[in-house]
Amino acid sequence: MDMKFSATVTLQYDTVFSSFSAADYVKGLDWMKENRLDGAELCISNYDNLDLGKVKAQLDERGLGCSTISTGQARGLEGLSLIGVPADVTARTQERFKKHIDAAKLLGSKVTIGLMRGLGSLDTAERDLDELSEAMKPLVEYAGKNGVTLCLEAINRYETALLNSAEATVDFIENRLGNPDCVGILWDLFHANIEDIGFERSIEKMGKKLKHVHIADSDRMFPGYGHTDFETIFKCLKKNGFSEYCSFECFNLPSLDVVLRDTGSWVQKMREL
Ligand code: LER
Ligand code: MN
């Protein structure tokens, strides 16, 4: 099976990572279909006023899947976090992740665990990781029971003290979580450019644990406007049999027009490598 491509679209609150506002998300789905993407990465903050059945129908009508649910908005909006917060906030965060898992089951997608895991600090990193593995236990059990994959995102040191590199994330999954099948890695090429020793080395190290890729150049612009060598990375992903989603999560830079105009042809180029 070949790898698939998606792009970020947000359902409730605007984000710099989407080319469409939340109010215009259906236009975003149309654009993805026109540009022959395979699916949408959906930013969902909460389920209070969300008709998930309708969203699923809108994806289906366009032949689009959902790659993963991006969950981090509720950290800023509601202060949700798995660690470093009072027990009742951890519990509410776990409940929110369970709702994401239910939604992912319906959509046939994965669930991202990014900044909503908590930020930790350099001084307390060991304890923070213990706390995180404890807080993740019920989520891992629930995801496993429901056949949903949780994607732990490696995020650079300027945003969180926990799980910065691909290597650190592999180590956490193997040695602290007990290597469950339902937990994999979201590898963001922007963060990897800052933290990883080498792209190819990381792909090899992650192996089958690599479940989702975020596409952005070294400066978080659209591919080709920084110094990341995408051809080499994508050839290596293919050589390693990667058949999950690669999803655009870049700024609308150098311009919104460039992103809207060039995504389809860039994806085609990567497919043909
Ligand atoms: C989310 O996928 C991410 O990469 C973070 O940098 C967002 O703050
Ligand atoms: Mn990312």
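Where is the place of Arg 261? Select it in this predicted model. Arg 261 sits in helix 10. With a relative accessibility of 57%, Arg 261 counts as exposed. Show its side chain next. A polar contact of 2.8 Å links it to the side chain of Asp 262. Arg 261 and Asn 35 are 226 residues apart along the chain, yet their C-alpha atoms are separated by 9.2 Å.

**The manganese site**

Go to ligand 2, the manganese ion. Which residues coordinate it? Select Glu 153, Asp 188, His 214 and Glu 249. The donor atoms are OE of Glu 153, OD of Asp 188, ND1 of His 214 and OE of Glu 249, at 2.1 to 2.2 Å from the ion. The ion has six donor atoms, with angles of 71 to 175° among them, and the site is octahedral. Along the sequence, the donor residues follow the spacing E-x34-D-x25-H-x34-E.

Colour by secondary structure. Glu 153 belongs to strand 5 (residues 150–154), while Glu 249 is in the loop between strand 8 (245–248) and helix 10 (256–272), so this pair ties together parts that lie 96 residues apart in sequence. Buried or exposed, Glu 153 and Glu 249? Both are buried.

**Ligand 1**

Stay here and display ligand 1. Its surroundings are Phe 17, Leu 115, Glu 153, Glu 159, Asp 188, His 191, His 214, Arg 220 and Glu 249.

- Glu 249: a polar side-chain atom lies 2.6 Å from an oxygen of ligand 1.
- Glu 159: a side-chain N or O atom is 2.9 Å from an oxygen of ligand 1.
- His 214: a side-chain N or O atom is 3.4 Å from an oxygen of ligand 1.

Ligand 1 exposes 260 Å² when taken alone, and the protein buries 81% of that.

**Helix 4**

Select residues 87–107, which form helix 4. At 1.5 Å a residue, its 21 residues should span 30 Å, and the end C-alpha atoms are 30 Å apart, which agrees. Which of its residues are buried? Among them are Val 89, Thr 93, Phe 97, His 100, Ile 101, Ala 104 and Leu 107. Step just past the helix to Gly 108, where phi is positive, at about 70°.

**Helix 2 and a serine**

Move to Asp 60, in helix 2 (residues 52–61). Asp 60 is partly exposed, at a relative accessible area of 44%.

Next, Ser 165. It is in the loop between strand 5 and helix 6 (166–175). Ser 165 is buried, with a relative accessible area of 14%. Its side chain reaches the backbone nitrogen of Ala 168 at 3.0 Å.

Most residues other than glycine have a negative phi, and most peptide bonds are trans.

Select Leu 253 and Pro 254. The bond joining them is cis, with omega about 10°. Pro 254 lies in the loop between strand 8 and helix 10.

Select Arg 36, in the loop between helix 1 (25–34) and strand 2 (39–43). Its phi is positive, near 55°. Arg 36 is exposed, with a relative accessible area of 65%.

End at Asn 179, in the loop between helix 6 and strand 6 (183–188). Phi is near 55° for Asn 179, again a positive value. Asn 179 is partly exposed, at 36% relative accessible area.

Key
Residues are numbered from 1 along each chain as its sequence is written. Chains are lettered from A and ligands numbered from 1 in the order in which they are written. This is a predicted model: local features need pLDDT of at least 70, side-chain atom pairs count only at pLDDT 80 or more; totals for chains, interfaces and linings use all residues. Side-chain values use heavy atoms; hydrogens and water are left out. Donors are N, O and S atoms within 2.8 Å of the metal (3.2 Å for Na, K and Ca); water is not among the atoms, so sites may look incomplete. Four donors count as tetrahedral if all angles lie between 85 and 135 degrees; four count as square planar and six as octahedral if opposite donors are over 155 degrees apart and all others between 65 and 115; anything else is irregular. Helices (H or I, at least four residues) and strands (E, at least two) are DSSP runs, numbered from the N terminus. Buried means under 20% relative accessible area, exposed over 50%, partly exposed in between (1.4 Å probe, protein chains only). A residue is near a molecule or strand if one of its heavy atoms lies within 4 Å of it. A polar contact is a pair of N or O atoms within 3.5 Å; within protein, one must be able to donate a hydrogen and the other to accept it, and residues adjacent in sequence count only if both atoms are side-chain atoms. Accessible areas come from the Shrake-Rupley method with a 1.4 Å probe; for residues, only the protein chains shown count as cover. The expected span of a helix is 1.5 Å times one less than its number of residues.
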